[in-house]
Protein chains: 2
Amino acid sequence: MIPSKQLVREAADRIAPFVHRTPVLTSHLLDDISGAHLYFKCENFQKMGAFKMRGALNAIQQLSEEQKKAGVVTHSSGNFGQALALAAKNLGVKAYIVMPSSAPAVKIEAVKSYGGMVKISGPTLESRESESAKIVREKGATFLHPSNDMNVIIGQGTAAYELLQDQPGLDFVLTPVGGGGLLGGTALYAHYYGSECKVVGAEPYEVDDAYRSLKSGKIEINTSTNTIADGLKTNLGDKNFPIIKKMVSNIIRVEEEEIIAAMQLIWERMKLVVEPSSAVPLAAVLREKEQFNDKKVGIILSGGNVDLTKLPF
Amino acid sequence: MIPSKQLVREAADRIAPFVHRTPVLTSHLLDDISGAHLYFKCENFQKMGAFKMRGALNAIQQLSEEQKKAGVVTHSSGNFGQALALAAKNLGVKAYIVMPSSAPAVKIEAVKSYGGMVKISGPTLESRESESAKIVREKGATFLHPSNDMNVIIGQGTAAYELLQDQPGLDFVLTPVGGGGLLGGTALYAHYYGSECKVVGAEPYEVDDAYRSLKSGKIEINTSTNTIADGLKTNLGDKNFPIIKKMVSNIIRVEEEEIIAAMQLIWERMKLVVEPSSAVPLAAVLREKEQFNDKKVGIILSGGNVDLTKLPF
């Protein structure tokens, strides 16, 4: 059930030629404010502006030659659609991206610019799923889920693998948690490659399905999604939840104002453009300072795709 | 007149313990757009958010022990006041910063937070100068000019020294030009440490005093300062102009819309928070693509101190 050390190591080596080795940055000012020693893994500098490229690459690379010939398909209104299109282009594979009719034109153009074949569905999840199923049926393409696919999960975790190589003595790694791919993958690598490194998820109160799932022991869902962290609205899945249940220490929930304040600190003090989801782990550290006092804390800055004309400050 | 190779090398070693060795970042997307190979020296990550710390440190370090005891003074409404206050604090020296009564409260607070002693003057240059002279007279403090002081000029150039160490084969280095300290200092280090590396200044049309000064052979001034690049409104001085005249290849002027577009590219594509002045060199490369086609081009991203509530896009 839990992938082996060899399996995750191979994934890290497999995707390395196709991704940026993103830098790990520090900030004396944020260390002073938090009371911790913070190490920020800058996946906002990753290709297409987010870590999602990693999982998409690994999932495509694990397909058979025959599967690769028929292409891949996903449905997404966000970063994973762009990531799959770009990863597929880099690997010479066709990618069909099903996007809801409500998707902003700029996101549709971004997928097209990476060579993705966009199929517009109706706005509902059902419509997206049936359009995807049709492409699987008619083209023989393989469906890849943005977060609940073991090869995607492993791929997303490679950011933490690089972080732990650069900073072997981390006491904690924090990631935001949405669909659970990044958190699950991070937990795998921290388990195998972090010496005593605990993994903590950070989540908005408004979409605290992961927190509630860990409490109840089964996958809980969000009934509303009223958060600025638009990458974190999705629920956990049956592939990543067992990993998270077994290997994640705890989930810290934060208020919307805390997310915005943390985002502003990263922009103003670190001079980094990050999306709201990326600021959730820093907000968690600032909320629960005692837990992290004087500890070495890695934070995955998950992405930097943000509309500059719609900033919350 | 022109400082020796040994002198500039010593300055680089002298300030190194007190500054961040800022990273040099690249962007495939901006390389594609420009047709050049771009290397961005990230002084927006420097302490207090700009390169100005470098010149302030070097100038204070070159004072006698007696001068250090009496402290330093400058007048500034911008980054140099903060830089001098922080550099002085690091070196255990008192800093008097004369700021006009029109200065925003947030900037006055920033200087105070670095331990600077703020003296408020009237809003005119005359008032600032007479207040500074009074402090020199009464306290025995040494006046340090933000850009027209040889030790400041040399200190500012150390960013280019580090850049040339990381990328020895650069064909060009571009910096914005305001008072001429950064451009002059960069030219010195490129002269001694860049093999065939040309130095180009980048300037808004609205404040093109450096362009006109190089044409006429004497220091020209700006009669209006209607530019978004608020760090570049000042004129060259008699200490840096001879260096610029001798060692700078050319000055490229750019329109205000080109500055905003280049700034947006850096924010959106590189995920970096930079101030408008920092975007002027990229705007120059994009305006004069032929000059830089397929060349290795270093760009000093001079700073990242920007009001997030007043973005031009």
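Me: Which residue does B:Leu174 stand opposite in E10(B)?

Reply: B:Leu174 stands opposite B:Ile299. This is a predicted model, where local features need pLDDT of at least 70, side-chain atom pairs count only at pLDDT 80 or more, and totals for chains, interfaces and linings use all residues. Residues are numbered from 1 along each chain as its sequence is written, chains are lettered from A and ligands numbered from 1 in the order in which they are written, and side-chain values use heavy atoms, with hydrogens and water left out.

Me: OK, and in what sense do E7 and E10 of chain B pair?

Reply: Strand E7 (residues 172–176) and strand E10 (residues 296–301) of chain B pair in the parallel sense, over 3 bridges. Strands here (E, at least two residues) and helices (H or I, at least four) are DSSP runs, numbered from the N terminus. Two strands pair if DSSP finds at least two bridges between them.

Me: What sheet do the strands of chain B form?

Reply: An open sheet of 6 strands, in the order E1-E2-E10-E7-E8-E9, with mixed pairing. Its edge strands are E1 (24–25) and E9 (250–254) of chain B, each pairing on one side only.

Me: Now chain A. In what order do its 6 strands come?

Reply: In chain A the open sheet runs E1-E2-E10-E7-E8-E9, and the pairing is mixed. Strand E1 (24–25) and strand E9 (250–254) of chain A each have a single partner strand, so one side of each is left without a neighbour in the sheet.

Me: How does E1(A) run against E2?

Reply: Antiparallel: 2 bridges join E1(A) to strand E2 (residues 37–42) of chain A. There, A:Leu25 stands opposite A:Phe40.

Me: Switching to charges. How many salt bridges over all chains?

Reply: The structure holds 24, a salt bridge being a side-chain nitrogen of Lys or Arg within 4 Å of a carboxyl oxygen of Asp or Glu. One of them joins A:Asp208 and A:Arg253 at 2.9 Å, N to O. That pair links distant parts of the chain, 45 residues apart: A:Asp208 is in the loop between strand E8 (198–204) and helix H11 (209–216) of chain A, and A:Arg253 is in strand E9 of chain A.

Me: And how many salt bridges between chain A and chain B?

Reply: The count there is 0. The rule does find 6 residue pairs in polar contact across that interface, both residues at pLDDT 80 or more. A polar contact is a pair of N or O atoms within 3.5 Å; within protein, one must be able to donate a hydrogen and the other to accept it, and residues adjacent in sequence count only if both atoms are side-chain atoms.

Me: Which helix gives the largest share of chain A's side?

Reply: Helix H13 (residues 256–270) of chain A, with 4 residues.

Me: How many residues does each chain put into the contact?

Reply: Chain A gives 19 residues and chain B gives 19 residues, contact meaning heavy atoms within 4.5 Å.

Me: Last one: what does A:Lys52 touch?

Reply: Leaving out residues up to four places away in sequence, A:Lys52 touches A:Asn79, A:Phe80, A:Ala83 and A:Gln156. A:Lys52 is found in helix H3 (residues 52–61) of chain A.
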